[in-house]
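Please look over the chain shown below before reading the comments. They are numbered so that each can be checked on its own.

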Amino acid sequence: MNIYEREINNFRQLNKVANTNGVVLFGSTFAKNIPVCELKQSFDIDCDMYNRSITDLSVFDAEALLEDCVTALAPKTVLIQLGETDLERGFHTIPEIIEAYEKIVAKLKSADKHCDIVIISVCESAVTIHPEELNKQLELAARRMKCKYADISSAFYNDSPGVKAFSLLSFFMQNDISFFDAMKMLHI
């Protein structure tokens, strides 16, 4: 049994009662600590939302976990926030991390070509080694792979980093966004 098996078994059971066509957050430690269900209610998000993030998940292990964590839910949107663990461990270079991301995105697109994929930056102070360079490369990779990119790098400096990150990501979770809703999200 690998280090992720307990959480994966829990996700398999939860997937049996979950709805399809929702939003799935798939990431590592920072993403796992975002209380998406509570924030979904507070931000009045009108779709099903599932957090399938795993503590200390490496981007290099993530591809093998996609079926149980993401594709089994047939989501309309996948929010991916990986790389922090890999930078902290220092075992892989940024180009290697980006290559692993590309494999994940390719697998998600082969499972459902209509699924929106959002690549999320790592938070600047959550990672001590070159987070700004990884974020720059993630943004470029998102463009190349025709994915969306969400910059939440500033969230870590907030008193409530998870709430700030969720507020920055809420734009990608809405079904239909009116002009009024967009202005409200931008605090205008």
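The points below go from the whole chain to single residues.

1. Basis of the note. This is a predicted model, in which local features need pLDDT of at least 70 and side-chain atom pairs count only at pLDDT 80 or more, while totals for chains, interfaces and linings use all residues. Residues are numbered from 1 along each chain as its sequence is written, and side-chain values use heavy atoms, with hydrogens and water left out.

2. Overall make-up. The chain has 9 helices and 5 strands. Helices (H or I, at least four residues) and strands (E, at least two) are DSSP runs, numbered from the N terminus. Read from the N terminus, the order of elements is α-β-α-α-β-α-β-α-α-β-α-β-α-α.

3. Burial and surface. Of the 188 residues in the chain, 47% are buried. Here buried means under 20% relative accessible area, exposed means over 50%, and partly exposed is in between (1.4 Å probe, protein chains only). The chain exposes about 9800 Å², and carbon and sulfur atoms supply 51% of that area. Accessible areas come from the Shrake-Rupley method with a 1.4 Å probe; for residues, only the protein chains shown count as cover.

4. Contacts along the sequence. A contact means heavy atoms within 4.5 Å. Among contacts with a separation of 6 or more, 77% join residues 24 or more positions apart.

5. The nonpolar cores. A nonpolar core is a set of buried Ala, Val, Leu, Ile, Met, Phe, Trp, Tyr and Cys residues joined through side-chain atoms within 4.5 Å. The largest one has 39 residues, and Phe-26, Leu-82 and Ile-119 have the most contacts inside it. At least two residues of this core come from each of H1, E1, H4, strand E3 (77–81), H6, strand E4 (116–120) and helix H7 (131–144). H6 gives the most, with 8 residues. A second, separate core has 22 residues, including Phe-30, Leu-79, Ala-155 and Phe-172. As a general rule, nonpolar side chains in soluble globular proteins tend to be buried together.

6. Ile-119. Which residues does Ile-119 touch, not counting those up to four places away in sequence? They are Ile-80, Tyr-101, Val-105, Leu-138, Ala-142, Met-145, Cys-147, Lys-148, Tyr-149 and Ala-150.

7. Helix H4. In H4 (residues 59–69), the buried residues are Val-59, Ala-62, Leu-65, Leu-66, Asp-68 and Cys-69. Seen down the axis of H4, these buried residues fall within an arc of 160 degrees, so they line one face of the helix. The arc is that of the directions from the helix axis to the C-beta atoms. The buried residues of H4 pack against helix H1 (5–15), strand E1 (23–27), helix H5 (84–89) and helix H6 (94–111). At the start of H4, a side-chain oxygen of Ser-58 comes to within 3.1 Å of the backbone nitrogen of Phe-60.

8. Salt bridges. A salt bridge is a side-chain nitrogen of Lys or Arg within 4 Å of a carboxyl oxygen of Asp or Glu. By this rule there are 7 salt bridges. One of them joins Glu-7 and Lys-32, whose closest N and O atoms are 2.9 Å apart. Glu-7 lies in helix H1 and Lys-32 in helix H2 (residues 29–32), so the pair ties together parts that are 25 residues apart in sequence. Lys-32 is partly exposed, with a relative accessible area of 32%.

9. Two further pairs. Lys-103 and Glu-99 meet in a salt bridge (4.0 Å, N to O). These two residues are 4 residues apart in helix H6, separated by about one helical turn. Asp-116 forms a salt bridge with Lys-148, the closest N and O atoms being 3.5 Å apart. This pair links distant parts of the chain, with Asp-116 in strand E4 and Lys-148 in strand E5 (residues 148–150), 32 residues apart. Asp-116 is partly exposed at 34% relative accessibility, and Lys-148 is partly exposed at 39%.

10. Asp-68. Salt bridges that share partners join Glu-5, Arg-12 and Asp-68 into one network. Asp-68 is in helix H4. Leaving aside neighbours within four places in sequence, Asp-68 is in contact with Ile-8, Phe-11, Arg-12 and Asn-15.

11. Ile-94. This residue is found in helix H6. Ile-94 is buried, with a relative accessible area of 14%. Ile-94 and His-130 are 36 residues apart in sequence and 8.9 Å apart in space, C-alpha to C-alpha.

Technical notes: A polar contact is a pair of N or O atoms within 3.5 Å; within protein, one must be able to donate a hydrogen and the other to accept it, and residues adjacent in sequence count only if both atoms are side-chain atoms.
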